[in-house]
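Student: Please show me the model, and then let us go through it by question and answer.

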Amino acid sequence: MNSGTIILENKSFRLTVGEDAIVRSLIVRETNTECLRQGEEIALFSVTQERPFNNEVKLAHPNKRTTCQANRIRREGNALIVNFEIVPVEAVIDVKEADDYIAFALTGFNVRSEHYDNLKMDKPPVSELRLLQLPVMNHAHFGEWLNVSWDERAAVNVLAASPYAIVDSERRKGYRVMTADVRRDLKLKNCAAALIAVPAARLMDAIDRFERDYNLPL
């Protein structure tokens, strides 16, 4: 980890995230290609509640479904410990840095119980967690079925390790926000999604290795 940044990397690519949880860079090593739209200030993670539950903030925010962006992150071994705006919990995200992909899975929460002691509900009351959120610059092609943006120099792919993670992308001007979400009503914990960033000619081989590692249909 460099000063002020966390580096997630493997043989194929390097993802740089600020300690403020803002994604900074995604470099495909073989072609030295930057794949992220710079300056968008997008956090790697977010958490969603049906409404704010913390007694200290619920009267200051609308009583509605609320998404809080990550605002602080640190690494402890193979885990990222993530803090969020106004939500008094830390998410523990397991990170697997394989040769051709990096996988993320929520394994648990660090909760200060005094914020929820009087509430009869799952603690913390999280309905969704965004495992991955990247502003990927537009390439010549985008494949919706595989959720991949690619040209001859780079292919960026966000994919799920099970039917329970939801991968998607949202078009913006000049880039796409590529995402992976987990939901309590499907499966919140221990449900992985992965990032692949390789030259396009190696994409299918990288997906094949990911599928075999997670015992997925080939």
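**Loops, strands and a pocket**

Student: Asn-32 lies in which loop?

Tutor: This is a predicted model, in which local features need pLDDT of at least 70 and side-chain atom pairs count only at pLDDT 80 or more, while totals for chains, interfaces and linings use all residues. Residues are numbered from 1 along each chain as its sequence is written, and side-chain values use heavy atoms, with hydrogens and water left out. Strands are DSSP runs of E with at least two residues, helices are runs of H or I with at least four, and both are numbered from the N terminus. Asn-32 lies in the loop between strand E3 (23-28) and strand E4 (33-34).

Student: Is Asn-32 buried or exposed?

Tutor: Buried means under 20% relative accessible area, exposed means over 50%, and partly exposed is in between (1.4 Å probe, protein chains only). Asn-32 has 59% relative accessibility, so this residue counts as exposed.

Student: What is the phi of Glu-41?

Tutor: Most residues other than glycine have a negative phi. Glu-41, in the loop between E4 and strand E5 (46-49), is exposed with a relative accessible area of 53%. Glu-41 is not a glycine, yet its phi is positive, at about 55°.

Student: Which residue of E16 is the bridge partner of Leu-159?

Tutor: Strand E13 (residues 155-160) and strand E16 (residues 192-198) pair in the antiparallel sense over six bridges. Asn-157 stands opposite Ile-196 in E16. For Leu-159, the bridge partner in E16 is Ala-194.

Student: How many bridges join strand E9 and E16?

Tutor: Strand E9 (residues 102-111) pairs with E16 in the antiparallel sense. Ala-103 has Ala-194 of E16 as its bridge partner. The pairing of E9 and E16 runs over four bridges.

Student: How many residues of E16 are buried?

Tutor: In a regular strand the side chains alternate between the two faces of the sheet. On one side of E16, Ala-192, Ala-194, Ile-196 and Val-198 are buried, and on the other Ala-193, Leu-195 and Ala-197 are buried. The buried count for E16 is seven of its seven residues.

Student: How many disulfides are there?

Tutor: Cys-35, at 0% relative accessibility, counts as buried, and so does Cys-191 at 2%. A disulfide is a pair of cysteine sulfur atoms within 2.5 Å. By this rule the count is zero.

Student: Which element gives the most to the lining of the largest pocket?

Tutor: A pocket is an open set of points on a 1 Å grid over the protein atoms alone, where a 1.4 Å probe fits, with protein on both sides within 12 Å along at least five of seven lines; lining residues have an atom within 4 Å of a point. The largest pocket holds about 240 Å³ of space, and of its 14 lining residues the closest to the centre are Trp-145, Leu-146, Leu-159, Ala-160 and Val-167. The elements giving two or more lining residues are E13 and helix H1 (203-213). With four residues, the element that gives the most is E13.

How values were computed: Two strands pair if DSSP finds at least two bridges between them. Grid points are joined across faces, edges and corners, and a volume is the space filled by probe spheres set on the points.
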